[in-house]
Amino acid sequence: MRQQLARAGIELRISKKRVKNINFRLKPYLLMVSVPLRITASQTLYAVARRVSWAIAHHPQVLAQHHRKPSASVDSSDADQPIYLWGKVQALTLSHDETMAYYRQQLSNIMPSLFEKWQPIVGAYANEVRLKKMHTRWGSCNTRARRIWLSVYLPAYPIECTEYVIVHELCHLHHANHSRAFWQTVEAAMPDYQQWHSLLAGKTGQLD
């Protein structure tokens, strides 16, 4: 598998962590696999083998998106970088702090209507919604407090991505883990969720 990936220019990096499921993250020239501590080597190899073709097929799209650097304006104070709002380039010149404030305001403005739309569909209701500057996650859910956090970076992407994250976190109010039942609940609420899930994961899609 490593040789097959290497021929496609992809390094395989496997690490054991305190996670519940095997997680795959495809980045430029790198396939990162996080494995639960209890998983055996044979189980790991089987899971990775099933993802090799997927990684090789999607890697060119990951590279293309990386070279476009659509989110560079989010993480950089370089005013020459384009500012994206809901996946479209804006005629704006903003510093990093100004961009963060802009995204926070845009997300705050639209959140009420999106939660009003999706909570009845999912059949779950949050007690509180907050925004946070998260670099590695698009959202999180405290099921006990029924509190949902959304990443302030979401407005850089098509609005459907924000809707997907809302649906994803609301579904955690039904299922705290990422079980089959959880994903079935997500799909029932949002049948095309995979498209937006994949875009946020850096696998497919353009932002303009």
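Modeller: The largest nonpolar core has 41 residues, and Tyr103, Leu150, Tyr164, Val167 and Leu170 have the most contacts inside it. Elements giving two or more residues to this core are β4 (83-85), α4, β8 (147-151), α5, α6 and α7. From α4 comes the largest share, 10 residues. Keep in mind that this is a predicted model, where local features need pLDDT of at least 70, side-chain atom pairs count only at pLDDT 80 or more, and totals for chains, interfaces and linings use all residues. Residues are numbered from 1 along each chain as its sequence is written, and side-chain values use heavy atoms, with hydrogens and water left out.

Biologist: What makes a set of residues a nonpolar core?

Modeller: The set has to consist of buried Ala, Val, Leu, Ile, Met, Phe, Trp, Tyr and Cys residues joined through side-chain atoms within 4.5 Å. Buried means under 20% relative accessible area, exposed over 50%, and partly exposed in between (1.4 Å probe, protein chains only). Another core, of 15 residues, lies apart from the largest one, and among its members are Val35, Ile39, Ala47 and Trp54.

Biologist: Which residues is Val167 in contact with, leaving aside its neighbours within four places in sequence?

Modeller: Trp118, Val122, Val186, Ala189 and Met190. Contact here means heavy atoms within 4.5 Å.

Biologist: What are the buried residues of helix α6?

Modeller: In α6, residues 180-189, they are Phe182, Thr185, Val186 and Ala189. These residues cover an arc of only 100° around the axis, which puts them on the same side of α6. The arc is that of the directions from the helix axis to the C-beta atoms. On the face turned away from that buried side sit the exposed residues Arg180 and Ala188. The cover over the buried residues of α6 includes α4 (96-122), α5 (159-171) and α7 (193-200).

Biologist: And what makes something a helix or a strand here?

Modeller: Both are DSSP runs, numbered from the N terminus: helices are H or I with at least four residues, strands are E with at least two. By that rule the protein chain has seven helices and eight strands.

Biologist: Why are β1 and β2 said to stand at the edges?

Modeller: Three strands form an open sheet in the order β1-β3-β2, with mixed pairing. Each of β1 and β2 has a single partner strand, so one side of each is left without a neighbour in the sheet.

Biologist: How do you know that β1 and β3 pair?

Modeller: Two strands pair if DSSP finds at least two bridges between them. Strand β1 (residues 11-17) and β3 have seven, in the parallel sense, so they qualify under that rule. Leu12 has Leu31 in β3 as its bridge partner, and Lys16 stands opposite Val35 in β3. Strand β2 (residues 23-27) runs antiparallel to β3, joined by five bridges. Phe24 has Val33 as its bridge partner in β3.

Biologist: Is β3 mostly covered or mostly exposed?

Modeller: Mostly covered: six of the seven residues of β3 (residues 30-36) are buried. For the whole protein chain, 42% of the 208 residues count as buried.
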